[in-house]
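Good morning, and thank you for coming. I would like to take you through one structure today, and I ask that you keep it in view while I speak.

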Amino acid sequence: MSTTLPLFRRAFFDTWRSTLAWAAGLAGATLLYLPLYPSIGGSAQMQDMIDALPPEMMKALNYDQIATGPGYTQATLFGLIGFLLMTIASVGWGAAAVGGDEESGQLELTLAHGVTRAQVVLERAMALLVRVLLLAALVFVLVRLLNDSARLDIRPEHLFGAAVLFAGLALLTGTAALCAGAVSGRRTYGLAAGAAVGVLGYVFNAVGRQSPDLEWLLGLSPYHWAYGNAPMTNGADWAAAGWLWGISAALVAVAAVAVSRRDVGT
């Protein structure tokens, strides 16, 4: 195969419809939630609603700062509906990248074109990365465009940092799915691993914020690594971003090494 990055090109362009669909979902969520803020944010009714929530629920949903524009955007978009959509998309792509093809037998057809299993992993991981970055960039642009009209008062550098963490968190769930699928050769194992990273990260953050005795769970939560510093309000924790992106790279490397051992002659 003589073209540059053939597996990346094929993986990226073959999934353009799903990328477009997830982009539409994220755009719809952004355009639905953020324009509502001027009518409810900072109002007495909003504060009364927040005060009426049980403290445990308020902490679990990260609604303790929802009365401000950055806090509202963090809680509703980056921390909830956007996180959910990005996690589902990334896990699905990651699990199918290698494990899906190996489970169905299609991977052998790809390998017949003179490529290695490691090349499959690396180029398809690159396609996953580009799709995640495109979705995160879309959210960044839309929030930036709505910042003034929705009276969110988000500083651009804080929005950028939050978008980097948003992409890193999604990429971690996707690469966990890719790694488990590549190592096991099963798409279902990839789905389980990626979902576990996303769901347990959210649960550990919610439970760890309930009591000082449970705060140790926060250290195990990628969700808390990303959002525990309230990046929309206080700016990104770049060390946490480094961990998210670094672990993702390590998972891809593990997947590439693991599948290389199954190549003939290795």
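A word on the basis first. This is a predicted model, in which local features need pLDDT of at least 70 and side-chain atom pairs count only at pLDDT 80 or more, while totals for chains, interfaces and linings use all residues. Residues are numbered from 1 along each chain as its sequence is written, and side-chain values use heavy atoms, with hydrogens and water left out.

The secondary structure of the protein consists of 13 helices and zero strands. Helices here are DSSP runs of H or I with at least four residues, strands are runs of E with at least two, and both are numbered from the N terminus. Of the 266 residues in the protein, 48% are buried. Buried means under 20% relative accessible area, exposed means over 50%, and partly exposed lies in between, with a 1.4 Å probe and protein chains only. Among contacts between residues at least 6 apart in sequence, 76% join residues at least 24 apart; contact means heavy atoms within 4.5 Å.

Now to the helix pair. How do H8 and H13 pack? Helix H8, residues 117–146, and helix H13, residues 238–260, pack at an angle of about 155°, and their axes are 7 Å apart. The axes are lines fitted to C-alpha atoms, for helices over the stretch in contact, and angles run from 0 to 180 degrees between N-to-C directions. H8 and H13 are therefore roughly antiparallel to each other, a term for angles over 145 degrees. On the H8 side, the residues that meet H13 include Arg 117, Val 121 and Leu 129; on the H13 side, Trp 245, Val 252 and Ser 260 are among those that meet H8. By class, this contact of H8 with H13 has 11 nonpolar, one polar and one charged residues. Nonpolar covers Ala, Val, Leu, Ile, Met, Phe, Trp, Tyr, Cys and Pro; charged covers Asp, Glu, Lys and Arg; the others, Gly among them, are polar.

Next, the interior. A nonpolar core is a set of buried Ala, Val, Leu, Ile, Met, Phe, Trp, Tyr and Cys residues joined through side-chain atoms within 4.5 Å. In the largest nonpolar core, of 44 residues, Phe 78, Met 86, Val 143 and Phe 166 touch the most other members. Helix H9, residues 156–184, is one of the helices that each supply at least two residues of this core, and H9 gives the most, with 10 residues. Met 86 touches Leu 26, Val 132, Leu 135, Ala 136, Phe 166 and Ala 170, not counting residues up to four places away in sequence. A second, separate core of 15 residues includes Ala 97, Val 98, Ala 118 and Ala 125.

Leu 251 is in helix H13 and is partly exposed, with a relative accessible area of 21%. Beyond its neighbours within four places in sequence, Leu 251 is in contact with Leu 172, Thr 175, Ala 176 and Cys 179.

Which way do Arg 151 and Ala 230 fall, buried or exposed? Arg 151, in the loop between H8 and H9, is exposed, with a relative accessible area of 52%. Ala 230, in the loop between H11 and helix H12, is buried, at 12%. Arg 151 has a positive phi of about 55°, and Ala 230 has a positive phi of about 50°, although Arg 151 is not a glycine and Ala 230 is not a glycine.

Terms used
Parallel < 35°, antiparallel > 145°, perpendicular 65-115°, else oblique.
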